[in-house]
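Student: I would like to learn how to read a model like this one. Please take me through it feature by feature.

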Amino acid sequence: MYSSDIQIRVRYAETDQMGYVYHGNYAAFFEVARTEAFRQLGIRYKDLEADGVGMPVGELRTRFRRPARYDDLLTIRLLLKQPAEGSRVLFEYEIYNEARELLTEGHTLMVFVSTATGRPVPVPANIADKLAPYFSDDETAGPLGGVQPVPTDAPAPAAFGK
């Protein structure tokens with residue numbers, strides 16, 4: 001399993017009239033955690049895109065337990081509980097406040113796609129290689145376990161097509 005923590009201080013512009021972090025901002029918080037986790041592993045989105053690979057969000061789930069508020073220092077924990085497989089990788093998130101209270105949980109299912117065709121492609125070998133040391137053979141089962149890889153000649157999902 002791989003995990004990574006980043007911290008973000010809530011800015012006033014990220015809150016709603018009630019003083020809570022506006023729900024739409026959590027997707028951006030998740031993106032920052034993903035980008036920084038990849039950077040810590042030596043993977044840069046910019047390089048993926050230069051190689052013709054994109055990573056659109058195929059699924060986003062967020063569960064709010066308690067509100068985050070203006071000026072809270074949030075710790076966003078990213079968890080990869082299983083290796084990427086087929087053309088997908090599942091990122092899980094936990095957001096804590098300074099009192100270490102769990103505020104929010106979520107996940108994003110990211111799909112590796114060709115930027116030229118918008119169709120799913122296998123997990124790039126360099127990403128699989130950099131993640132491999134964090135997983136043992138018994139950690140490969142999980143929410144994606146048993147999912148068949150999408151054939152490269154399959155039609156692009158409407159949300160990812162060009």
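Student: Which residues have the most contacts inside the largest nonpolar core?

Tutor: Keep in mind that this is a predicted model. Its largest nonpolar core has 34 residues, and Met55 and Phe91 have the most contacts inside it.

Student: Which elements give two or more residues to this core?

Tutor: They are E1, H1, helix H2 (45-50), E4, E5, E6 and helix H3 (125-131). H1 supplies the largest share, six residues.

Student: What is Met55 in contact with, leaving aside its neighbours within four places in sequence?

Tutor: Met55 touches Phe38, Tyr45, Leu48, Val89, Phe91, Met110, Val111 and Phe112.

Student: Now the sheet. What is the order of its strands?

Tutor: The general idea is that strands of a sheet pair through backbone hydrogen bonds, either parallel or antiparallel. Here five strands form an open sheet in the order E1-E4-E5-E6-E3, and the pairing is antiparallel. Strand E1 (2-9) and strand E3 (57-64) each have a single partner strand, so one side of each has no neighbour in the sheet. On average, neighbouring strands are turned by 20 degrees against each other, direction ignored.

Student: How many bridges join strand E4 and strand E5?

Tutor: Residues 73-80 of E4 and residues 88-96 of E5 pair in the antiparallel sense over five bridges. Ile76 stands opposite Ile95 in E5.

Student: Where does helix H1 lie?

Tutor: Helix H1 (residues 25-40) lies across E1, E3, E4, E5 and strand E6 (102-111). It runs at about 130 degrees to E1.

Student: How many salt bridges does the count come to?

Tutor: The count comes to eight. One of them joins Asp5 and Arg77, with the closest N and O atoms 2.8 Å apart. Asp5 is in strand E1 and Arg77 in strand E4, 72 residues apart, so this pair links distant parts of the chain. Asp5 is partly exposed, at 37% relative accessible area, and Arg77 is partly exposed at 27%.

Student: Which residue meets Glu105 in a salt bridge?

Tutor: The side chain of Arg65 does, at 2.6 Å from N to O. Glu105 lies in strand E6 and Arg65 in the loop between E3 and E4, so the bridge ties together parts 40 residues apart in sequence.

Student: Is Glu105 buried or partly exposed?

Tutor: The cut-off for buried is under 20% relative accessible area. Glu105, at 19%, counts as buried, whereas Arg65, at 44%, counts as partly exposed. Salt bridges that share partners join Arg63, Arg65 and Glu105 into one network.

Definitions and conventions: Residues are numbered from 1 along each chain as its sequence is written. This is a predicted model: local features need pLDDT of at least 70, side-chain atom pairs count only at pLDDT 80 or more; totals for chains, interfaces and linings use all residues. Side-chain values use heavy atoms; hydrogens and water are left out. Two strands pair if DSSP finds at least two bridges between them. Helices (H or I, at least four residues) and strands (E, at least two) are DSSP runs, numbered from the N terminus. Axes are lines fitted to C-alpha atoms, for helices over the stretch in contact, and angles run from 0 to 180 degrees between N-to-C directions. Contact means heavy atoms within 4.5 Å. A nonpolar core is a set of buried Ala, Val, Leu, Ile, Met, Phe, Trp, Tyr and Cys residues joined through side-chain atoms within 4.5 Å. Buried means under 20% relative accessible area, exposed over 50%, partly exposed in between (1.4 Å probe, protein chains only). A salt bridge is a side-chain nitrogen of Lys or Arg within 4 Å of a carboxyl oxygen of Asp or Glu.
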